[in-house]
Amino acid sequence: MNIIYDIYLILVLIGALNWGLVALLQFDLVAALLAGSGKFGNINGVSRIVYGLVGLAAIYVAAIYIWAFF
């Protein structure tokens with residue numbers, strides 16, 4: 001595997017962990033680390049960039065799996 005795929009996979013895992021924490025504990029890990037508050041919906045510019053990167057990484061990883069399937 002190449003380094004770009006590994007980075008994208010790590011971002012997807014961070015996003016999955018974050019959403020799991022939001023669902024179970026109503027705690028936003030990205031907001032806690034980057035915006036200073038674990039309250040869901042507390043977004044600043046840096047956390048918005050991280051959320052965008054996580055979304056792009058998910059699209060990339062999904063495309064790789066779909067491409068491999070067909």
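Tutor: Start with burial. A residue is buried under 20% relative accessible area, exposed over 50%, and partly exposed in between, using a 1.4 Å probe and protein chains only. This is a predicted model: local features need pLDDT of at least 70, side-chain atom pairs count only at pLDDT 80 or more, and totals for chains, interfaces and linings use all residues. Residues are numbered from 1 along each chain as its sequence is written, and side-chain values use heavy atoms, with hydrogens and water left out.

Student: What percentage of the 70 residues of the protein chain counts as buried?

Tutor: The buried share is 19%.

Student: How many helices and strands does the protein chain have?

Tutor: Helices (H or I, at least four residues) and strands (E, at least two) are DSSP runs, numbered from the N terminus. Here there are three helices and zero strands. The order is α-α-α. The C-alpha trace spans about 40 × 25 × 15 Å along its principal axes.

Student: Which residues form a nonpolar patch on the surface?

Tutor: Patch residues have over 30% relative accessible area and no salt bridge; like charges are joined within 9 Å, nonpolar side chains (Val, Leu, Ile, Met, Phe, Trp, Tyr) within 5 Å. A salt bridge puts a side-chain nitrogen of Lys or Arg within 4 Å of a carboxyl oxygen of Asp or Glu. In this chain, the patch consists of Ile49, Leu53, Leu56 and Ile59.

Student: Why does Ile59 count as exposed?

Tutor: Because its relative accessibility is 57%. Ile59 lies in helix α3, residues 45-69.

Student: Where is Leu53 found?

Tutor: Also in helix α3. Leu53 counts as partly exposed, because its relative accessibility is 41%.

Note on methods. Accessible areas come from the Shrake-Rupley method with a 1.4 Å probe; for residues, only the protein chains shown count as cover.
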